[in-house]
Amino acid sequence: MKSEDVKSGIERAPHRSLLRALGLNTESFQKPFIGIVNSFTEVVPGHIHLRQISEAVKEGINAAGGVGFEFNTIAVCDGIAMNHAGMKYSLPSREIIANTVEIMAMAHAFDGLVFIPNCDKVVPGMLMAACRLNIPSIFVSGGPMLAGRLRKNDQVSCVDLNSVFEAVGQVAKGQMTEEELLELEKVACPGCGSCAGMFTANTMNCLTEALGMALSGNGTIPAVDSRRTQLAKKAGQQIMHLIKDNTRPKDIITPDAIYNAFSLDVALGGSTNSVLHVMAVAHEAGADFSLEQINRISDCTPNLCKLRPSGPYHIENLDQAGGIGSVLKELKPWLKNDAQTVSGKTIGQLADDAPKADNKVIRFASNPYSPKGGLAILFGNLAPNGSVVKRSAVAPEMMVHRGPARIFDSEELATKAIMGGKINPGDVLVIRYEGPKGGPGMREMLTPTSLLAGMGLDKEVALITDGRFSGATRGAAMGHVSPEAAAHGPIAALQDGDMINIDIHNYKLSVELSDEQIQKRLANVPVFEPKIKNGYLKYYTENVTSASTGAVFKD
């Protein structure tokens, strides 16, 4: 066992002495040491209950003959960090999380790891660490939040955090009062868990099942459901089997597993951030995968779900309809069914075990919302290295759009223009210098997209950016434009009034300029001057790569 490095031989007597100070005894030294990677924090609703999950994991480990040691990582709440300087730190926290786990696992010689993430950057950060360390590992998330209930005129509607963001736009347009906004604010987030729609956190927790790194139910069992605690205990027991069989993350996260993850992603209509994160996980796993492959998957994989923000259903409804297993059952003809999972079964066997879809929350494959999947990667002279859009959340009339560019060099400037009523139907908002280097940190643009949706402009106005979008974003929103403006990408050459062409059907994003015109303009664009010149974000700016490669650090 790897833990022999800290517990065996006379030269390890000092180490054992310190371990005895933790309450271990001689018998403990004969058992595998399991690290419990907990992202508990009191400032993130998705993580406030993770101590309970950790205790259940520990019970499972102890019952199966191991010794569990809990340690913590950081976690950023994207909703709280949104639309201010805090969002610059959200994506960069992913690398810190991966590094933190690496440090703790290597320093203390754990034989296996149980990861307890829940929110946006924590899931991929932990997946990256699992691949990097490549010791037996399993994931169990904290689970999704229930939808809130809003009573109005004797009618009750289901609401969530995105409802509040969009309501701000309605207030700005005079379609809702501040008193009504306050009532919504009070009920939208009713308790612990990751925000209730198919936003980034829940997308990633669902994809962890398809990647093979979590047991069935991980993505959809609500945070407050006792089945979540049972699942955590089972994960604690299962890590012992993984250690016995020496099953490691790189045995599971293969190109086939990445393929399955994106197949599930496009069927669910998941967050565009999944592209950024799964590509980063593939990089750590050494699983070669290109953006073009995502389009090939999306071209042949049906879109089976319309979950918030794309439709009316929340994650609790997906769970009641059979969960991810039932989606995989419908997708079985499109999956790499022999891919292994931490359960000991293949992904195809798990699909066979799942209940039949309900043909409502989860459509039958013979009756999809669309024959093509929910994500698309757009290419063209404006995005030579790609750009991503959640096409399942785009209105049909905006799938093809031509309009004049309205240029903003920051999210704040764009938000001010939207709030001031200065955006016209047909416009294409361009928010640049918000990429990995330019932001720095590639901020999410939930505020401007929610304002547009709340004002009813999401069916008339497109938005493109070298930044990224929240999983709660809907509308014709193209993010991750690569190369970014800070790297002298074509988006830096745009000027107000340039005609932008968007053709999601044919995966095209272009500007009506010749290559010569673009290069001539770029020659006159000043060299990018980093906005932050100290601290971690300075280091991040100097080392982060393009969004097209997952915004990982330079090798």
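**Thr203 as a way in.** I started with Thr203, which sits in helix α9; helices here are DSSP runs of H or I with at least four residues, strands are runs of E with at least two, and both are numbered from the N terminus. Thr203 has 1% relative accessibility and counts as buried, where buried means under 20% relative accessible area, exposed over 50% and partly exposed in between (1.4 Å probe, protein chains only). Leaving aside neighbours within four places in sequence, I found Thr203 in contact with Met198, Asp265, Gly270, Ser271 and Ser274; contact means heavy atoms within 4.5 Å.

**Ground rules.** I'm working with a predicted model, in which local features need pLDDT of at least 70 and side-chain atom pairs count only at pLDDT 80 or more, while totals for chains, interfaces and linings use all residues. Residues are numbered from 1 along each chain as its sequence is written, and side-chain values use heavy atoms, with hydrogens and water left out.

**Asp78.** Next I went to helix α4, where Asp78 is found. Asp78 is buried as well, at 6% relative accessibility. Its contacts, apart from neighbours within four places in sequence, are Met87, Ser90, Asp120, Lys121, Glu444 and Arg468. I also checked Asp78 against Ala21: they are 57 residues apart along the chain, and their C-alpha atoms are separated by 38 Å.

**Cavities.** Rolling a probe the size of a water molecule over the atoms shows where empty space is left. For me a cavity is a set of points, on a 1 Å grid over the protein atoms alone, where a 1.4 Å probe fits but cannot get out; lining residues have an atom within 4 Å of a point. Points are joined across faces, edges and corners, and the volume is the space filled by probe spheres set on them. How many cavities of 30 Å³ or more are there? I got five. The largest cavity holds about 240 Å³ of space. Its lining has 24 residues, and Asp78, Gly79, Asp120, Leu161 and Cys195 lie nearest the centre. The elements giving two or more residues to that lining are α4 (78–81), α7 (161–172) and α9 (200–211). By class I noted 11 nonpolar, 10 polar and three charged residues in the lining. Here Ala, Val, Leu, Ile, Met, Phe, Trp, Tyr, Cys and Pro count as nonpolar, Asp, Glu, Lys and Arg as charged, and the others, Gly among them, as polar.

Why do I call helix α16 (residues 323–331) largely enclosed by the rest of the structure? Because eight of its nine residues are buried. Among them are Gly323, Ile324, Leu328 and Glu330. What covers the buried residues of α16 includes α9, α12 (255–268), α15 (315–320) and α17 (347–353).

Helix α19 (residues 446–454) has nine of nine residues buried, so I put it down as largely enclosed too. Its buried residues pack against α7, α18 (411–419), β10, β11 and β12 (477–478). Just after α19, I spotted Gly456 with a positive phi of about 80°.

**Strands.** I count two strands as paired if DSSP finds at least two bridges between them. Strand β10 (residues 428–431) is covered on both faces: Val428 and Val430 on one side, Leu429 and Ile431 on the other, are all buried. Four bridges join β10 to β9 (residues 400–408), running parallel, and Ile407 has Val430 as its bridge partner. Another pairing, parallel and with four bridges, links β10 to β11 (residues 462–465); there Val428 stands opposite Ala462.

β9 also pairs with β13 (residues 499–503), antiparallel, through five bridges. In that pairing Val400 stands opposite Asp503. β13 goes on to β14 (residues 508–511) through four antiparallel bridges, with Asn501 opposite Ser510. β13 and β14 form a hairpin with four residues between them, and Tyr507 in the turn has a positive phi of about 60°.

**Cysteines.** Last, I searched the whole structure for disulfides (pairs of cysteine sulfur atoms within 2.5 Å) and found zero. For Cys119, the nearest cysteine sulfur is that of Cys77, 6.2 Å away. Cys119 is buried, at 9% relative accessibility. Cys300 is partly exposed at 36%, and its sulfur is 17 Å from the closest cysteine sulfur, in Cys305, too far for a bond.

Note on methods. On a 1 Å grid over the protein atoms alone, a cavity is a set of points where a 1.4 Å probe fits but cannot get out, and a pocket is an open set with protein on both sides within 12 Å along at least five of seven lines; lining residues have an atom within 4 Å of a point.
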